[in-house]
Each structure stands twice: as structure tokens, then as C-alpha cells.
Amino acid sequence: MTGHAEWQATEEVRTYAITGNSGASLYASIGERGPQVGGKTRVIAYTTFKLTWTRKYEPQGNACVLVLAKPKLTITYMLPKPSTPLSGPVKASWQTFIDGVQKHEKVHGETIKDMVRSIVTTSVGLSADDDPQCRKIRVDLQKRLGELSAKQRQLGRDFDGVEMGEGGNVHHLILKLVNGP
């Protein structure tokens with residue numbers, strides 16, 4: 001049995017409705033209706049995920065070995081969507097904006113997939129001596145997973161800081177949308 005079971009992430013896009021007939025009014029609607037992260041800050045878009053596992057632990061002598069770790073990963077991208085059709089230059093401006101926002105969110109999706117690949121690599125073959133009931137290994141695994149999760153969250157924060165900061169890609173997208181038609 002191979003412990004590195006094949007897996008593939010499922011990705012889905014959800015939207016929230018905004019209104020407007022200009023770039024500025026669309027962006028203002030995002031500010032009014034955008035999802036709140038942490039219960040306070042409104043955002044343009046965000047990426048979240050649900051991760052569950054199938055794991056197989058095997059007692060081997062007096063030790064325990066994690067022989068299989070197969071993830072089930074669903075990544076969800078939340079994006080704004082105008083509630084009525086746009087036309088002409090506003091439609092083109094919006095498309096440039098939302099394409100850039102989607103590209104940004106896909107990077108978050110990739111860091112999540114990278115984290116899951118790291119978890120699989122870290123998990124499979126992990127062993128604990130003096131653990132015939134396979135209890136110690138779970139504690140050790142949770143510690144390692146916490147470190148990998150913290151690393152992924154920090155990468156996301158660092159990426160957002162660059163992208164949304166003065167002169168960053170998302171900053172440029174916002175300026176083009178707001179100052180456009």
C-alpha cells in the first residue's frame with residue numbers, strides 16, 4: 001500500500017451581489033456588501049477551505065506508524081458579482097478587475113494545496129516508539145500540522161500585504177476600476 005494516495009482538490013466559486021453602473025459605484029458596493037473577515041473588516045474577496053482526512057495508523061511491534069494520509073480538500077473562492085448586466089466600457093473595466101482578483105485568490109488556493117502536500121509528506125511514514133495504541137503519534141502529528149498551518153497563514157498574510165499595499169497588483173486593479181468608466 002502506498003501512503004501517498006492520489007488526491008485532487010475540489011474548487012468552487014461563490015459570489016455575493018453588488019450593484020452599480022460605474023467602476024466607482026461597483027467598488028462602493030463592494031465596500032458596503034463585501035464579506036466581513038474576522039467579523040469587522042470588509043474585503044473584496046477571500047479564499048477558504050475545508051480539509052478532512054482519511055488516515056491509517058498501524059501498530060508495528062511496540063511502535064505506531066502512519067501508513068496512509070489521504071486528504072479531501074475543498075477550496076472556496078468568494079467573489080463579488082454585479083447583480084445586473086454591465087455594458088460597454090464598464091463591462092470591460094469590471095472584467096479586467098475581476099480577472100485580476102480571481103488570479104489573486106487562486107494564489108491563495110495554491111498555497112493551501114502546497115500546505116496539504118506538505119502535510120501528506122510530513123504525515124506518511126511518521127512513527128512513534130512505545131505507542132502500540134497509536135496515541136502519541138497523533139499528538140506529534142497535530143503539533144506538526146499546526147506548524148504547517150501557521151506557515152500557510154503567514155504566507156497568505158505576506159502575499160496580501162504586497163498585493164494590497166501601495167503599488168501592489170490589487171491596489172492597481174482597484175485604482176483602475178474606480179478611476180475608469
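Visitor: Where is Asp 130?
Guide: Asp 130 sits in the loop between β6 and α3. Helices (DSSP runs of H or I, at least four residues) and strands (runs of E, at least two) are numbered from the N terminus.

Visitor: Before going on, what sort of model is this?
Guide: This is a predicted model, where local features need pLDDT of at least 70 and side-chain atom pairs count only at pLDDT 80 or more, while totals for chains, interfaces and linings use all residues. Residues are numbered from 1 along each chain as its sequence is written, and side-chain values use heavy atoms, with hydrogens and water left out.

Visitor: Back to Asp 130. What is its phi near?
Guide: Phi of Asp 130 is near 50°. That is a positive value, and Asp 130 is not a glycine.

Visitor: And Cys 134, where does that one lie?
Guide: Cys 134 is also placed in the loop between β6 and α3. Its phi is positive too, near 55°, again in a residue other than glycine.

Visitor: Which residue does Cys 134 form a disulfide with?
Guide: With Cys 64; the sulfur atoms of Cys 64 and Cys 134 are 2.0 Å apart. A disulfide here is a pair of cysteine sulfur atoms within 2.5 Å.

Visitor: Left-handed or right-handed?
Guide: The link of Cys 64 and Cys 134 is right-handed, with 100° about the S-S bond.

Visitor: What does the pair tie together?
Guide: Cys 64 belongs to strand β5 (residues 63-82) and Cys 134 to the loop between β6 (127-128) and α3, so the pair ties together parts 70 residues apart in sequence.

Visitor: How many disulfides does the structure hold?
Guide: The structure holds 1 disulfide.

Visitor: New topic, the helices. At what angle do α1 and α4 pack?
Guide: Helix α1 (residues 23-33) packs against helix α4 (residues 169-179) at about 125°, and their axes are 6 Å apart. Axes are lines fitted to C-alpha atoms over the stretch in contact, with angles from 0 to 180 degrees between N-to-C directions.

Visitor: Which residues make the contact?
Guide: From α1, Gly 23, Ala 24 and Tyr 27; from α4, Ile 174, Leu 177 and Val 178. Contact means heavy atoms within 4.5 Å.

Visitor: How do those residues divide?
Guide: The contact of α1 with α4 has 5 nonpolar residues, 1 polar and no charged. Ala, Val, Leu, Ile, Met, Phe, Trp, Tyr, Cys and Pro count as nonpolar, Asp, Glu, Lys and Arg as charged, and the others, Gly among them, as polar.
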